[in-house]
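Please read them with the coordinates open.

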Amino acid sequence: MRLPLPQFTMGDRRPNHIAEVIETATTEFLAQCLEPEDLSFPAMPPFGSWVKAIDEESGNQIYAVVYYATTSPIDSVHRARALGLSLQELREQQPQIFAMLKTEFRAAIVGFQLPLENSNGASSLTYQHLPPRPPQVHQAVYCCNPEEIVDFSEKLDFLRTLLQMGGAPVDALVAATIREIYNLRRADRRWLVQAGRHLSLLLKDDYDRLRIILSQVHL
């Protein structure tokens with residue numbers, strides 16, 4: 001038995017529609033990945049990857065960074081157990097396994113974009129601080145496209161938001177986020193130096209932490 005998420009065919013989904021919000025808070029949200037059409041696990045977004053969701057009441061598009069993901073049984077009473085089978089063997093011998101598992105991820109909110117009609121300009125205004133409210137339960141979650149991430153990362157104030165995130169592996173998350181953006185910017189060294197300088201200002205009183213984060217930005 002699966003959770004009662006809306007059922008879509010692949011043709012019904014908008015591009016990059018990967019999940020749905022199932023729990024929400026001021027600083028983050030929990031999303032459940034949509035089920036694939038074939039016998040496989042839902043695609044788990046990578047650590048440090050970027051997602052977005054629209055708060056339909058305000059029209060704000062909210063940006064967030066994935067910091068935790070899990071695949072677990074839908075039934076919280078029974079745990080999954082090792083079967084000693086490959087994925088192909090599972091599909092052939094135990095296809096019901098895929099219907100008994102769910103994939104979820106948590107994402108830290110780093111900013112938002114106003115709807116075009118509220119921006120008083122030719123393009124929407126983007127802010128790198130927490131929105132007035134997070135996306136609501138059952139709102140769709142999408143992967144961000146590279147152009148959005150590159151545009152958002154022109155400013156670096158979101159790094160402070162990530163550094164202040166509670167309950168997350170913050171140092172590893174900041175490093176992963178920088179690596180992701182650097183790759184999307186096609187190895188833009190100017191941006192990387194700027195990000196390093198910004199981090200050094202934010203962590204000027206904690207050199208050890210700065211060193212640990214920078215040591216994880218292996219490129």
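1. Ala80 counts as exposed because its relative accessibility is 58% (exposed means over 50% relative accessible area, buried under 20%, partly exposed in between, with a 1.4 Å probe and protein chains only). Ala80 sits in the loop between strand 4 and helix 1 (87–93); helices (H or I, at least four residues) and strands (E, at least two) are DSSP runs numbered from the N terminus. From Ala80 to Glu104 the chain runs 24 residues, and their C-alpha atoms are separated by 16 Å.

2. On provenance: this is a predicted model, in which local features need pLDDT of at least 70 and side-chain atom pairs count only at pLDDT 80 or more, while totals for chains, interfaces and linings use all residues. Residues are numbered from 1 along each chain as its sequence is written, and side-chain values use heavy atoms, with hydrogens and water left out.

3. Pro135 belongs to the loop between strand 6 (126–127) and strand 7 (140–143). With 0% relative accessibility, Pro135 counts as buried. The contacts of Pro135, leaving aside neighbours within four places in sequence, are Val21, Thr24, Phe29, Ala53, Asp55, Ile62 and Ile109; contact means heavy atoms within 4.5 Å.

4. Is Gln128 buried or exposed? Its relative accessibility is 12%, so Gln128 counts as buried. Not counting residues up to four places away in sequence, Gln128 touches Val110, Gly111, Phe152, Lys155, Leu156, Asp157, Phe158 and Thr161. Ser215 lies 87 residues from Gln128 along the chain, and the two C-alpha atoms are separated by 25 Å.

5. His129 has its place in the loop between strand 6 and strand 7. At 41% relative accessibility, His129 counts as partly exposed. Beyond residues up to four places away in sequence, His129 touches Val110, Gly111 and Phe112. Asp157 is 28 residues from His129 in sequence and 7.8 Å from it in space, C-alpha to C-alpha.

6. Which residues have the most contacts inside the largest nonpolar core? They are Trp50, Phe158, Val174 and Leu199, in a core of 31 residues. A nonpolar core is a set of buried Ala, Val, Leu, Ile, Met, Phe, Trp, Tyr and Cys residues joined through side-chain atoms within 4.5 Å. At least two residues of this core come from each of strand 4 (61–73), strand 5 (101–113), helix 2 (146–152), helix 3 (158–163), helix 4, helix 5 and helix 6 (207–215). Helix 4 gives the most, with 7 residues. Another core, of 17 residues, lies apart from it and includes Ala19, Val51, Val66 and Ala107.

7. Phe158 touches Trp50, Val110, Gln128, Phe152, Ser153, Thr177 and Ile181, with residues up to four places away in sequence not counted.

8. Two packed helices are described by the angle between their axes and the distance between the axes. For helix 4 (residues 170–184) and helix 5 (residues 189–202), the axes come within 10 Å and cross at roughly 160°. Axes are lines fitted to C-alpha atoms, for helices over the stretch in contact, and angles run from 0 to 180 degrees between N-to-C directions. Helix 4 and helix 5 are therefore roughly antiparallel to each other (over 145 degrees; under 35 is roughly parallel, 65 to 115 roughly perpendicular, the rest oblique).

9. The contact between these helices is made by Val174, Ile178, Ile181 and Tyr182 of helix 4 and by Arg189, Trp191, Leu192 and Leu199 of helix 5. By class, the residues of this contact are 7 nonpolar, no polar and 1 charged. Here Ala, Val, Leu, Ile, Met, Phe, Trp, Tyr, Cys and Pro count as nonpolar, Asp, Glu, Lys and Arg as charged, and the others, Gly among them, as polar.

10. The loop between helix 4 and helix 5 contains Arg186. Arg186 is not a glycine, yet has a positive phi of about 55°. Arg186 counts as exposed, at 77% relative accessibility. Ala187 is found in the loop between helix 4 and helix 5, with a positive phi near 60° in a residue other than glycine. Ala187 counts as partly exposed, at 43% relative accessibility.
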